[in-house]
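Colleague: I have a model open and want to learn how to read it. Can we go through it feature by feature?

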Amino acid sequence: MKKWTRTGDQVLGRFDRQEAAVVRGLVSQIQDMLLARAEEAPQDELAELTGIRTGPSTPPDDPILGRLLPDFHRLDADAPDPAEVDSANALRSLHEPELLDLKTGVAAVVLQTCPPDGGEVRLALEQAEAWLSALNDVRLALGTALDVQEDMPDELPPDDPRSPHLGVYHWLTWVQETLVEAVMN
């Protein structure tokens with residue numbers, strides 16, 4: 001891939017077939033995880049009548065989903081107050097559906113605009129912002145899975161099973177950085 005460029009109100013990029021497959025595959029996986037989480041929401045007749053949706057009230061068990069859907073209120077790790085736990089659970093139940101909609105929506109934009117066989121990508125600025133958000137979600141998920149730390153070297157020993165995936169993580173970082181630069185110009 002070449003760096004993203006901006007021409008007027010459009011951002012342009014080009015992906016080869018393998019790069020497009022990586023982006024589409026990872027974004028699809030994140031979207032599937034988020035949609036599965038959305039299906040865990042309790043069915044509520046009152047919500048159906050009022051249009052106010054609620055989501056799960058407890059954090060996801062999966063560490064990747066936990067990173068993508070963080071708590072809306074931090075609890076005291078040593079001794080959480082039961083009232084504070086109830087409040088945090090209520091906040092999650094109220095706000096998680098909207099967050100899931102946003103995250104699955106930006107994933108859908110990437111899947112709609114990234115050609116399956118590679119090629120040119122032309123994005124309006126709003127679509128570019130969706131790409132930035134979706135790429136960030138993919139990087140958060142991949143970074144969590146790889147246990148990426150600030151002091152982690154850029155390359156791992158070849159026998160480390162995370163080594164090839166770390167290269168993808170760094171490539172996605174570059175794709176995101178050049179997209180930010182293009183949008184800001």
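**Reading the sheet**

Modeller: Start with the sheet. It is open, its 3 strands run in the order E1-E2-E3, and the pairing is antiparallel. Two strands pair if DSSP finds at least two bridges between them. Strands (E, at least two residues) and helices (H or I, at least four) are DSSP runs, numbered from the N terminus.

Colleague: Which strands stand at the edges?

Modeller: Strand E1 (5–7) and strand E3 (119–124) do. Each has a single partner strand, so one side of each is left without a neighbour in the sheet. Neighbouring strands are turned by 30 degrees against each other on average, direction ignored.

Colleague: What should I know about the source of these values?

Modeller: This is a predicted model: local features need pLDDT of at least 70, side-chain atom pairs count only at pLDDT 80 or more, and totals for chains, interfaces and linings use all residues. Residues are numbered from 1 along each chain as its sequence is written, and side-chain values use heavy atoms, with hydrogens and water left out.

Colleague: How many bridges join E1 and E2?

Modeller: E1 and strand E2 (residues 10–15) pair over 3 bridges, in the antiparallel sense. Threonine 5 stands opposite leucine 12 in E2. Helix H6 (residues 163–184) packs on the sheet and touches E1 and E2. Its direction makes about 155 degrees with that of E2. Axes are lines fitted to C-alpha atoms, for helices over the stretch in contact, and angles run from 0 to 180 degrees between N-to-C directions.

Colleague: How do I check a helix's length?

Modeller: The expected span is 1.5 Å times one less than the number of residues. Helix H1 (residues 17–39) has 23 residues and should span 33 Å. Its end C-alpha atoms are 32 Å apart, which agrees. At the start of H1, a side-chain oxygen of aspartate 16 comes within 3.1 Å of the backbone nitrogen of glutamine 18.

Colleague: Which aromatic residues form a cluster?

Modeller: Rings of Phe, Tyr and Trp (its six-membered ring) pair if their centres lie within 6.5 Å; planes under 30 degrees apart count as stacked, over 60 as edge-to-face and the rest as tilted. The whole structure holds 4 aromatic pairs. Tryptophan 4 and tryptophan 131 make an edge-to-face pair, 5.3 Å centre to centre with 75 degrees between the planes. Tryptophan 4 lies in the segment before E1 and tryptophan 131 in helix H5 (residues 125–146), 127 residues apart. Trp4, Phe15, Trp131 and Trp171 form one cluster.

Colleague: Is tryptophan 131 buried or exposed?

Modeller: Buried means under 20% relative accessible area, exposed over 50%, partly exposed in between (1.4 Å probe, protein chains only). Tryptophan 131 has 0%, so it is buried. Tryptophan 4 is buried too, at 3%. Of the protein's 185 residues, 37% count as buried.

Colleague: What does threonine 113 touch?

Modeller: Contact means heavy atoms within 4.5 Å. Threonine 113 touches Val121, Leu123, Gln127 and Trp131, not counting residues up to four places away in sequence. A polar contact of 2.7 Å joins the side chains of threonine 113 and tryptophan 131. Such a contact is a pair of N or O atoms within 3.5 Å; within protein, one must be able to donate a hydrogen and the other to accept it, and residues adjacent in sequence count only if both atoms are side-chain atoms.
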